[in-house]
Amino acid sequence: MKDFSSSPFKNPDKVKTVSFEPKHPKKNLYITSIGNHVFYNCNNLPEIAIPDTVTRIGKYAFNNCVSLTEFKIPSSVNTVEDYAFSNTGYVDIVIPSTITTLGNYVFSDCTSLKTAIIEDRTSMPSYLFNRCTALEELTLPYAGQSLESVNKADSSERVASRLFNNNVSDKTYY
């Protein structure tokens, strides 16, 4: 799919439904990528079903889709780029272990996000949940550290600073 510097839709706020043909009817072509900015500002799009042929979700692909509350990242996806889902209406999200490249700020400003599950990962991007003010439950994978290192006084702040922006003096994470 083509990458765009802004939404390819003339009036992205009028987009209310999207459907993908899994395969071109006459050619053996599949959608493998959701390009940069494709659904940017489609703020009346409540749900979307991505085909399991997609392996990449580009930068800002669904940024500012504030009505987007229903979405499952297919296990075929291995790359989600910076800000891909920032400022969406997600309430719950599972980040599958199949994602090997996860960008920075992917879910930033998702102010309705209450539950996030991060499956098996060896590294965390910066500010993954920046300003997700409703986040109540976060499930992280085993990080391969000893109990002693996890219990160090500053270890939780190190993990939190990778996931949230913690510039506040009282260590409230946004």
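Start your tour by selecting Cys65, which is buried, with a relative accessible area of 0%. Buried here means under 20% relative accessible area, exposed over 50%, and partly exposed in between, using a 1.4 Å probe and protein chains only. Before going further, note that this is a predicted model, in which local features need pLDDT of at least 70 and side-chain atom pairs count only at pLDDT 80 or more, while totals for chains, interfaces and linings use all residues. Residues are numbered from 1 along each chain as its sequence is written, and side-chain values use heavy atoms, with hydrogens and water left out.

**Stop 1: two cysteines**

The cut-off for a disulfide is a pair of cysteine sulfur atoms within 2.5 Å. Searching the whole structure gives zero disulfides, and Cys42 is accordingly in none.

**Stop 2: the four-stranded sheet**

Now switch to a cartoon view. Strands (E, at least two residues) are DSSP runs, numbered from the N terminus, and two of them pair if DSSP finds at least two bridges between them. Look for an open sheet of four strands in the order E1-E2-E3-E5, where the pairing is parallel. Its edges are strand E1 (33-34) and E5, each of which pairs on one side only. Inside this sheet, two bridges connect E2 and E3 in the parallel sense. Select Ile57 and you will find Val80 of E3 standing opposite.

**Stop 3**

Next, pick Arg56, which is found in strand E2. Is Arg56 buried or exposed? With a relative accessible area of 17%, Arg56 is buried.

The term covers a side-chain nitrogen of Lys or Arg within 4 Å of a carboxyl oxygen of Asp or Glu. Glu81 sits in the loop between strand E3 (79-80) and E4, while Arg56 is in strand E2 (residues 56-57), so the pair ties together parts that are 25 residues apart in sequence. Both Glu81 and Arg56 are buried.

**Stop 4: another salt bridge**

How many salt bridges does a search of the whole structure find? The search finds two. Select Arg131 and Asp109 to see one of them, with the closest N and O atoms 2.7 Å apart. Arg131 lies in the loop between E6 and E7 and Asp109 in the loop between E5 and E6, so this pair ties together parts that are 22 residues apart in sequence. Arg131 is partly exposed, with a relative accessible area of 39%, and Asp109 is partly exposed too, at 22%.

**Stop 5: the aromatic rings**

Show the rings of Phe107 and Phe129. They form a stacked aromatic pair, 6.0 Å centre to centre with 15° between the planes. Rings of Phe, Tyr and Trp (its six-membered ring) pair if their centres lie within 6.5 Å; planes under 30 degrees apart count as stacked, over 60 as edge-to-face and the rest as tilted. Phe107 lies in the loop between strand E5 (101-102) and E6, and Phe129 in the loop between E6 and E7, 22 residues apart. Phe107 counts as buried at 1% relative accessibility, and Phe129 is buried at 0%.

Now widen the selection to Phe9, Phe20, Phe39, Phe62, Phe71, Phe85, Tyr90, Phe107 and Phe129, which form one aromatic cluster. The structure holds 15 aromatic pairs.

**Stop 6: the three-stranded sheet**

Finish at the open sheet of three strands, ordered E4-E6-E7 with parallel pairing. Strand E4 (92-95) and strand E7 (137-139) are the edges, each pairing on one side only. Three bridges join strand E6 (residues 115-118) to E7, and Ala116 stands opposite Leu138 in E7. Last, select Glu137, which is found in strand E7 and is partly exposed, with a relative accessible area of 46%. Glu137 and Ile117 are 20 residues apart in sequence, yet 8.3 Å apart in space, C-alpha to C-alpha.
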